[in-house]
Structure formats: C-alpha cells, structure tokens
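This briefing covers the overall dimensions of one protein and then the surroundings of a single residue. Please look over the sequence and the coordinates before reading on.

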Amino acid sequence: MAEMDNTAFDHVREAIQKRSDALWVMNTTIHSHPELGYQETVAHDTITQVLEDEGFQVTRHAHGLATSFEAEYGSGGRLVIFCAEYDALPDIGHACGHNLIATSSVTGFLALAAALKAASNVKGRVRILGTPAEEGGGGKVKLLEAGAFPDDTAAAIMMHPTSAHVIPQPIRGIAGVKFVASLKLRVQFHGRTAHAGGAPWNGRNALDAAVAAYTSVSMLRQQIHPDERIHGVIEEGGTSPNVIPAYTRMNYYIRSPTVQRGEELLARVKACFEAAATSTGCTVDYINAPTYKNLRINNTLSNEYTKLMAQRGVTFIPRSEEPFTFSTDMGNVSFAVPSFHGAFGISGSNGALPHQPDFRLAAALRESFDIALSCAEGMAMLGWRVLTDDAVAAGAREDFVE
C-alpha cells in the first residue's frame with residue numbers, strides 16, 4: 001500500500017505542476033470578476049471551460065442551480081466529492097478568498113483523477129461539485145435538497161484560506177476546523193406613511209421600529225455567551241425625510257455553537273423585534289434563510305490529512321478545539337456525509353481576517369495561489385486514501401455516524 005501511495009503522490013504532484021499555469025489564469029479570472037451568490041456566471045463558465053479543456057464531460061447548471069456544475073471521473077468503488085466555492089462579498093469582492101477555495105478544489109479533483117487514470121486497476125469515483133452562494137445564500141443546502149451529496153458519499157472535501165497570523169508559525173493550517181451554526185432572517189416592519197411635517201400623527205414609523213429593534217438587540221449582546229454572535233444591518237430604511245416610512249427591512253445573523261443553542265438565542269432576538277413593533281404601532285414578519293449548521297470535525301479525515309502533509313514537510317494541526325465564530329453551509333454537509341473542511345494560512349494581509357478588504361488583496365497573491373496548490377496535493381491524496389484504503393473509509397464513516 002505504501003508503494004502504491006507513493007506512486008499516486010508522484011502522479012498527483014506531476015498533474016498539478018503540469019496544470020499550474022492554466023490554474024493560475026482560472027484563479028485570477030475568478031478573483032478579478034467578483035460575483036455575488038447565484039450570479040457567479042464568470043466563475044461558472046471559467047471553471048467549466050477548464051474542466052472541458054481537460055476532457056471531462058461537465059454538467060453545467062447542475063441540480064437546478066444556474067451557477068452550479070458537476071463533473072466526475074472513475075467507476076465503481078467509493079465516491080469522493082470536492083466542493084468548489086466561488087462567490088464573493090458585496091463591495092469588497094473576494095475578501096473571503098473563495099477564488100482560492102475553487103482553485104484548491106478543482107486542483108484536487110484534477111490531480112486525483114490523474115492518479116486514478118494512471119492506476120487503471122483502482123476502483124473509485126471522484127467528483128467536482130460547484131457550490132454557489134456560500135455567503136448567506138445556502139448553496140450547499142439547496143444542493144443537499146437536490147440530492148447532490150448521495151448518502152453513500154465516502155467523503156466531501158474542501159479547504160478555506162485564513163490569515164496566517166492566527167496560526168503559529170511554522171504551522172501551515174488546521175486540518176479539522178470547528179465553525180458555529182448560523183441562523184439567518186430578514187425582518188420586515190410595516191407601518192403607515194404620512195407627511196412628516198404636516199400630519200405625523202397619522203403615521204406609524206417603520207424606521208422607528210427598526211431603530212428600536214437594533215438598539216434592543218445591541219443591549220441584548222451584553223447577556224449572551226462569549227461564543228455567540230448577533231449582527232445585522234438595516235437594508236431598507238425609507239426614501240425621504242419628510243415622508244414617514246411605512247416599510248423597513250433588516251437582515252440579521254444569529255450565531256451559536258449548535259443549532260439548538262442558536263434557536264434559543266433567536267427566540268430572545270425575536271422578542272426584541274416584536275417589542276419594537278408593538279411600541280411603534282407597526283407589524284413585523286420574517287423572511288427566513290437557510291440555517292447553517294455547525295461544522296463537525298471528522299477525526300479520521302483530519303488526522304489522515306495531517307499525516308499526508310507531514311510526509312511532504314508541511315505542518316498542520318489535526319483539529320481546532322475551540323470553534324471559530326464563523327459559519328458555513330459546509331456544516332450542513334458535515335451532518336449528511338463524512339466531511340473534511342480544513343483551513344490554510346495565507347500571508348500578506350496585514351493581519352486582516354476574511355471579510356476585510358486587505359484579505360482580498362492577500363487572496364490575489366501568487367504566494368497564496370502556490371499555498372492553495374500545495375494544500376490541494378494533500379486534498380487529492382486524502383481522496384486517494386479514502387478510495388483505496390478500506391480502514392480510512394470505514395473510520396471516516398464511523399466518525400460521521402458517532
């Protein structure tokens with residue numbers, strides 16, 4: 001088995017080196033064309049063209065989502081899915097580095113497919129799945145509902161960049177990352193319009209309701225746990241100072257280590273909204289978005305990745321014991337199939353974390369791209385181990401079930 005793994009590693013490394021120039025063009029194209037969730041047409045077309053140029057039969061607009069895609073190689077055996085994210089953030093573009101997520105996942109897929117092709121006697125299937133709208137749109141939740149992650153999936157694999165300054169040197173990253181759950185909703189206040197100067201007593205001010213709710217939630221933050229977060233914005237607050245707003249809309253995220261605790265906190269937050277409506281004579285209703293479940297660590301997959309990277313002289317921590325107070329729809333996938341979601345550090349961000357403008361600059365660097373490709377080697381070999389080693393696949397399934 002060791003000799004077989006070494007040969008596969010050689011094929012993986014060769015495949016990545018051979019394609020690095022094309023992957024760099026793909027990476028920079030995605031980064032320089034930031035697109036919001038479910039609008040990632042440039043990213044969709046760029047990645048699918050790369051895959052088609054490699055000879056893969058690609059399903060564009062897969063699973064009923066306009067900017068999803070799917071391609072597969074192999075037959076029989078177990079199934080490994082690489083998840084590619086490529087949506088950006090409003091105003092600050094790829095400040096979460098999803099161009100690097102797409103690059104590492106596409107690279108891992110191409111490299112593992114090359115290793116499987118070279119070892120013609122190995123059964124197994126590797127799939128690349130385009131997962132749009134991670135930034136609040138719940139793309140993976142919709143893909144789960146559409147059956148894109150079959151129950152017998154042996155592993156779903158992806159990695160996320162973060163700032164290198166939060167990871168002690170010389171450690172490159174964390175193989176198993178804990179993220180918290182996130183419950184999302186838009187809050188609509190409905191009042192009654194009136195002339196603000198001529199007859200304000202005829203109005204019911206929906207902006208007052210939004211401001212009262214915002215203030216109440218801000219005070220509530222003093223009485224929540226340190227590992228919980230509440231944050232929101234006023235998306236629509238009125239149009240003219242001399243017209244009392246009859247409609248306002250807020251957008252809120254409630255984060256907690258588990259969905260259960262998140263729902264308990266959400267009930268307290270909703271009490272603030274209801275009280276604001278009552279006090280201003282308005283009504284309130286909600287537009288719910290998909291809940292992001294907390295991300296579960298699969299110890300077998302995380303330990304295996306750590307060992308594989310150590311073999312090439314790169315150090316990873318097997319798992320994070322304390323959760324990062326970020327959220328991802330990969331958490332939902334981790335409750336459906338065995339999943340690996342690692343994090344690798346990139347430098348050049350002046351200490352900026354994801355979702356800060358300087359991190360967008362870091363995500364564009366050639367150095368960051370090279371790190372993503374190096375981590376993709378380990379991702380491809382992790383997929384190889386799941387497909388070819390019964391003990392690894394069984395351990396990942398056992399961790400998932402437990």
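The model is predicted. The protein has 402 residues, and its secondary structure comes to 11 helices and 12 strands.

**Overall dimensions**
- Along the principal axes, the C-alpha trace spans about 85 × 40 × 40 Å.

**Packing and surface**
- Of the 402 residues, 54% are buried.
- Among contacts with a separation of 6 or more, 79% join residues 24 or more positions apart.
- The protein exposes about 16400 Å², and 51% of this area is supplied by carbon and sulfur atoms.

**Charge**
- There are 33 positive and 43 negative side chains in the protein.
- The centres of these two sets lie 2 Å apart.

**Thr328**
- Thr328 sits in the loop between strand E11 (316-319) and helix H8 (330-334).
- The relative accessible area of Thr328 is 2%, so this residue counts as buried, the cut-off being under 20%.
- Leaving aside residues up to four places away in sequence, Thr328 touches Glu85, Glu134, Phe179, Tyr292, Lys293, Leu295 and His341.
- A polar atom of the Thr328 side chain lies 3.1 Å from the backbone nitrogen of Met330.
- Val187 is 141 residues from Thr328 in sequence, and their C-alpha atoms are 22 Å apart in space.

Note on methods. Residues are numbered from 1 along each chain as its sequence is written. This is a predicted model: local features need pLDDT of at least 70, side-chain atom pairs count only at pLDDT 80 or more; totals for chains, interfaces and linings use all residues. Side-chain values use heavy atoms; hydrogens and water are left out. Helices (H or I, at least four residues) and strands (E, at least two) are DSSP runs, numbered from the N terminus. The radius of gyration is taken over C-alpha atoms; the globule rule is 2.2 Å times the number of residues to the power 0.38. Buried means under 20% relative accessible area, exposed over 50%, partly exposed in between (1.4 Å probe, protein chains only). Contact means heavy atoms within 4.5 Å. Accessible areas come from the Shrake-Rupley method with a 1.4 Å probe; for residues, only the protein chains shown count as cover. Lys and Arg count as positive and Asp and Glu as negative; His and the chain ends are not counted. The place of a charge is taken as NZ of Lys, CZ of Arg, CG of Asp or CD of Glu. A polar contact is a pair of N or O atoms within 3.5 Å; within protein, one must be able to donate a hydrogen and the other to accept it, and residues adjacent in sequence count only if both atoms are side-chain atoms.
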